Amino acid sequence: MDIVKIAAIGIITAVCVLILRETKSETAMLVGIVGGCLILLSVVDYFLDIFSVLQGFMDRSGIPGTIYATVFKIIGIGYIADFSAGIVEDTGQKALAEKILFASKIIIMVLSLPILMLLFDTVTAMLP
């Protein structure tokens, strides 16, 4: 069970960070980052499964592939921003973490504009 492995990595990382924080705060921060990266790497196979299922949806739906690519980018930006903002916040830079999240929201909005325009065009074409 992967969740047991992930939970173990998280608990071991947290204990190591607590132990190291008092004596070597820089090392504790790095241990936390490495633990987070290990957890992220342990779920990479799940992302591949998700993408293959979504590829099947794309093939059957007739919706242009560019829309799916944009949605994948938006999802990726959200995950990357959340992960990196969490790391930055763990280092004590909450304001910087909030700016990462704000920037990701702006980028997501810009990426979603073509989809919103296509949706608008589709709805207006259906109106009499």
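**Close-up views of a helical chain**

**View A. Helix α4 and its cover.** Helices α3 (44–61) and α5 (94–126) are among the elements that cover the buried residues of α4. Cover is judged by contact, meaning heavy atoms within 4.5 Å. Buried means under 20% relative accessible area, exposed means over 50%, and partly exposed lies in between, with a 1.4 Å probe and protein chains only. The model is predicted: local features need pLDDT of at least 70, side-chain atom pairs count only at pLDDT 80 or more, and totals for chains, interfaces and linings use all residues. Residues are numbered from 1 along each chain as its sequence is written, and side-chain values use heavy atoms, with hydrogens and water left out. In α4, the buried residues are I67, Y68, T70, I74, A81, A85 and V88.

**View B. The length of α4.** Helix α4 takes in 26 residues, 65–90. At 1.5 Å a residue, α4 should span 38 Å. The expected span is 1.5 Å times one less than the number of residues in the helix. The end C-alpha atoms of α4 are 37 Å apart, which agrees. Just after α4 comes G92, with a positive phi of about 95°.

**View C. The whole chain.** The chain holds 5 helices and 0 strands. Helices (H or I, at least four residues) and strands (E, at least two) are DSSP runs, numbered from the N terminus. Along the sequence the pattern reads α-α-α-α-α. The radius of gyration is 20 Å, well over the 14 Å that the globule rule gives for 128 residues, so the chain is more spread out than a compact globule. That radius is taken over C-alpha atoms, and the rule is 2.2 Å times the number of residues to the power 0.38. Along its principal axes, the C-alpha trace spans about 70 × 35 × 15 Å. Of the 128 residues, 16% count as buried. Among contacts with a separation of 6 or more, 48% link residues 24 or more positions apart.

View D. The accessible surface of the chain comes to about 9,400 Å². Carbon and sulfur atoms account for 74% of that surface. Areas come from the Shrake-Rupley method with a 1.4 Å probe; for residues, only the protein chains shown count as cover. The chain carries 8 positive and 11 negative side chains. Lys and Arg count as positive, Asp and Glu as negative; His and the chain ends are not counted. The centres of the two sets lie 4 Å apart. Each charge is placed at NZ of Lys, CZ of Arg, CG of Asp or CD of Glu.

**View E. T13 in helix α1.** T13 belongs to α1 (residues 2–21). Its relative accessible area is 13%, so T13 is buried. Leaving aside residues up to four places away in sequence, T13 touches V31, G32 and G35.

View F. M29 sits in helix α2 (residues 25–42). At 36% relative accessibility, M29 counts as partly exposed. M29 and L48 are 19 residues apart along the chain, and their C-alpha atoms are separated by 29 Å. V44 lies in α3. V44 is also partly exposed, at 34% relative accessible area. From V44 to E89 is 45 residues in sequence and 24 Å in space, C-alpha to C-alpha.

**View G. F102 in helix α5.** F102 is found in α5. F102 counts as exposed, at 55% relative accessibility. A81 and F102 are 21 residues apart in sequence. In space they are 9.2 Å apart, C-alpha to C-alpha.
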